Amino acid sequence: MASAAAQTMWTADEIARLCYEHYGLRLPKQGKPEPNREWTLLAAMVKIQPAADQACNSPDKPAQVTKEVVSMGTGTKCIGQSKMRKSGDILNDSHAEIIARRSFQRYLLHQLHLAAALKEDSIFVPGTRRGLWKLRPDLLFVFFSSHTPCGDASIIPMLEFEDQPCCPVSRNWANNPSVKASGNLEAPEDKRKCEDPDSPVTKKMRLEPGTPDGVAHHQSFGNQESSPDPPSVSRCNLTTEELATVTGMAPSGAKVVDVYRTGAKCVPGEAGDSGKPGAAYHQVGLLRVKPGRGDRTSSMSCSDKLARWNVLGCQGALLMHFLEEPIYLSAVVIGKCPYSQEAMQRALTGRCHNISALPKGFAVQEVKIQQSGLLFEQSRCAVQVKRADGPGRLVPCGAAISWSAVPEQPLDVTANGFPQGTTKKGIQSLQARSRISKVELFRSFQKLLNSISEDKWPDSLRVRKLETYQEYKEAASAYQEAWSALRKQAFGSWIRNPPDYHQFK
């Protein structure tokens, strides 16, 4: 476990600023939104460790930490079920959070290569059992997202005195202790931009439902690809029963008139949304799939995936073969956007609180959740402010950028699940594979395995000869046992891809 000093010696704004600077300096123009016409979302993994000269720090002197972005992702899109491939060479889900996590897995594979080669600068140290490694005890990882994750975390109460959806959930929540703790306070200059009732942006957002550039493109914040019908923000009083799911998130005395919508749809087998007008539109706490344009996706919402990582770790099944313990997040930081501390806690940790009988090393994490007051300059809200009444529609950027802290080819820019520029003819070629696709991460895993002499392999890989991606995943028995417990006790309706999508070698 990382030191208490490392866990406390950073702020949400510092994490956000570091990620925004990294995006500006280290990511290429290719794959970024077209100025004043497109927007995107950003996510990253930040490594926190005590500064080198802090090892013998005196108790009365504040500890210093170093913060380093080790993976980053941008993106807003998902592919539909009909475009999925059994060869593992396409990215099904290109939302920023998922790109950042897959990029992190690439970073972890590189660090395991360093450890296996006995290089001293790896983040891993030998575990207690043969062939296994564990994270250095002074390290921790913070996950950053410029926006509230789509799905359950995005179902946020909209209060009567709110005029526009660009600002955090409420400008008057500063009296709420949980918000103070989360740093959910706005920078004054951004506050003015968002709150001026006569600004062209606010006027534009008040257009009647159905107008091409009006509310329909702004109300559905958790939905990163397509917008559902805008909510009708009526001032009528809702019944106590209908408000029961959201009033717990509103500050005392404030009237909830609606909820921010998520475009993520309830999975088959879940209760489903009521669709009633106003605050009762959504059911909370449900598993959801990301929306597609006509073609339904099989990708679970980012809220659901983050909740899963909070129990199973961010490393996935393959890497558990080499790890004594999962790699958990210590904190999640969200950029300036509509936000509710209670909704985030419900979505990321609350739904899994009662999971029991997990195998050794696995546990439901009490992840720290905070919000920064800093806005991502290429978010939907920021671009909308800059373009004001500019011509044409504001649209999500179609490309996704992956960046990993690895020495060889750290960047990867994709569109529609393949490297940007891939033609239909070129899809079968090796060049037409993202470096973070299933098949390429599997290749990296196999390369790592082949670099280690068989007598030093972990026991889980020595039981029998494994060939396919599916067989390697299934052989990570502790991980599969934990995943099975999570499904049985909390996420029974989780959509899983059929095994024939994992039979590649």
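These legends go with several close-up views of one predicted protein model.

Residues are numbered from 1 along each chain as its sequence is written. Because the model is predicted, local features need pLDDT of at least 70 and side-chain atom pairs count only at pLDDT 80 or more, while totals for chains, interfaces and linings use all residues, and side-chain values use heavy atoms, with hydrogens and water left out.

View 1. Helices (H or I, at least four residues) and strands (E, at least two) are DSSP runs, numbered from the N terminus. Of the 505 residues, 58% are buried; here buried means under 20% relative accessible area, exposed over 50%, and partly exposed in between (1.4 Å probe, protein chains only). Take the contacts (heavy atoms within 4.5 Å) with a separation of 6 or more: residues 24 or more positions apart account for 73% of them.

**View 2. Helix H11, residues 380-387.** This helix is mostly covered, with 6 of its 8 residues buried. Those buried are Arg380, Cys381, Ala382, Val383, Gln384 and Arg387.

**View 3. Cys302 and Cys150.** A disulfide is a pair of cysteine sulfur atoms within 2.5 Å, and by this rule the count comes to 0. Cys302 is in no disulfide: its nearest cysteine sulfur, that of Cys150, is 3.9 Å away. Cys302 is also buried, with a relative accessible area of 1%.

**View 4. The salt bridge between Arg351 and Asp304.** Side chains of opposite charge can pair when their charged atoms come close. A salt bridge is counted when a side-chain nitrogen of Lys or Arg is within 4 Å of a carboxyl oxygen of Asp or Glu, and the whole structure has 17. Arg351 and Asp304 meet at 2.8 Å, N to O. Arg351 lies in the loop between helix H10 (341-348) and strand E14 (368-371), and Asp304 in helix H8 (residues 302-312), so the pair ties together parts that are 47 residues apart in sequence. Both ends count as buried, Arg351 at 14% relative accessibility and Asp304 at 0%.

**View 5. The salt bridge between Arg261 and Asp258.** Here the N to O distance is 3.1 Å. Arg261 and Asp258 are both buried.

**View 6. A network of salt bridges linking Glu34, Arg37 and Glu38.** Within this group, the closest N and O atoms of Glu34 and Arg37 are 3.3 Å apart. Glu34 is partly exposed at 41% relative accessibility, and Arg37 is partly exposed at 34%.
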